[in-house]
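These are my notebook entries on a protein model. I set out to look up its charged pairs and its overall build.

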Amino acid sequence: MRTLIISSAVMLAATPALAQQGGMQGMDHSQMGGMNHADMGKMMAGNPYAQAEMDMHQKMMAAKEGDAAEMWTRKMIEHHRGAIAMSRVAVRDAKDAQTREMAQMTITKQEKDIAELQAWLRKHGKRPQ
């Protein structure tokens, strides 16, 4: 289970980097306007994390402010917020007590990490988010 969690986190963290490095070249984004949103609802059905995942991805992709250090900090804040949102789902819905405990520990750790990242922004005269 721990391997699955780590693998998922690595894949989620890599997604924005791949997009910025051209990993999504060749995609015809003009066609996305015609997406059938009813189909998207079907894709999300059964995945209690889908909304949190989509929100996190969107917010990470939108964090483009500043130099590499500031941008990384802003993307990581959104990444950690996404982890908190997904962990809250696990705390609420997971039947396994150990999973709920790990999710709660994740919330605590990610909140601490966000506070450190926000402090870095303030220390460097940047607007916190």
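Entry 1. I looked up Arg74 and Glu70 and found that both are buried, where buried means under 20% relative accessible area, exposed means over 50%, and partly exposed lies in between (1.4 Å probe, protein chains only). The two residues form a salt bridge, with their closest N and O atoms 2.9 Å apart. I take a salt bridge to be a side-chain nitrogen of Lys or Arg within 4 Å of a carboxyl oxygen of Asp or Glu. Arg74 and Glu70 are separated by about one helical turn because they stand 4 residues apart in helix H4 (residues 68-93). Helices here are DSSP runs of H or I with at least four residues, strands are runs of E with at least two, and both are numbered from the N terminus.

Entry 2. I noted how far the model can be read. This is a predicted model, in which local features need pLDDT of at least 70 and side-chain atom pairs count only at pLDDT 80 or more, while totals for chains, interfaces and linings use all residues. Residues are numbered from 1 along each chain as its sequence is written, and side-chain values use heavy atoms, with hydrogens and water left out.

Entry 3. I next examined Asp113 and Lys109, whose salt bridge has its closest N and O atoms 2.8 Å apart. Both residues belong to helix H5 and lie 4 residues apart, about one turn of the helix. Asp113 has a relative accessible area of 13% and is therefore buried. Lys109 has 44%, so Lys109 is partly exposed.

Entry 4. I recorded that salt bridges with shared partners join Glu65, Glu70, Arg74, Lys126 and Arg127 into one network. In total, the structure holds 9 salt bridges.

Entry 5. Which side chain does Glu111 meet in a salt bridge? I found that the partner is Arg88, at 3.6 Å from N to O. This pair links distant parts of the chain, since Glu111 is in helix H5 (residues 97-123) and Arg88 is in helix H4, 23 residues apart. Glu111 counts as partly exposed because its relative accessibility is 39%. Arg88, at 48%, also counts as partly exposed.

Entry 6. I then turned to the whole protein. I counted 5 helices and 0 strands. Of the 129 residues, 26% are buried. Among contacts (heavy atoms within 4.5 Å) with a separation of 6 or more, 59% are between residues 24 or more positions apart. The protein exposes about 8,800 Å², of which carbon and sulfur atoms supply 60%; the areas come from the Shrake-Rupley method with a 1.4 Å probe.
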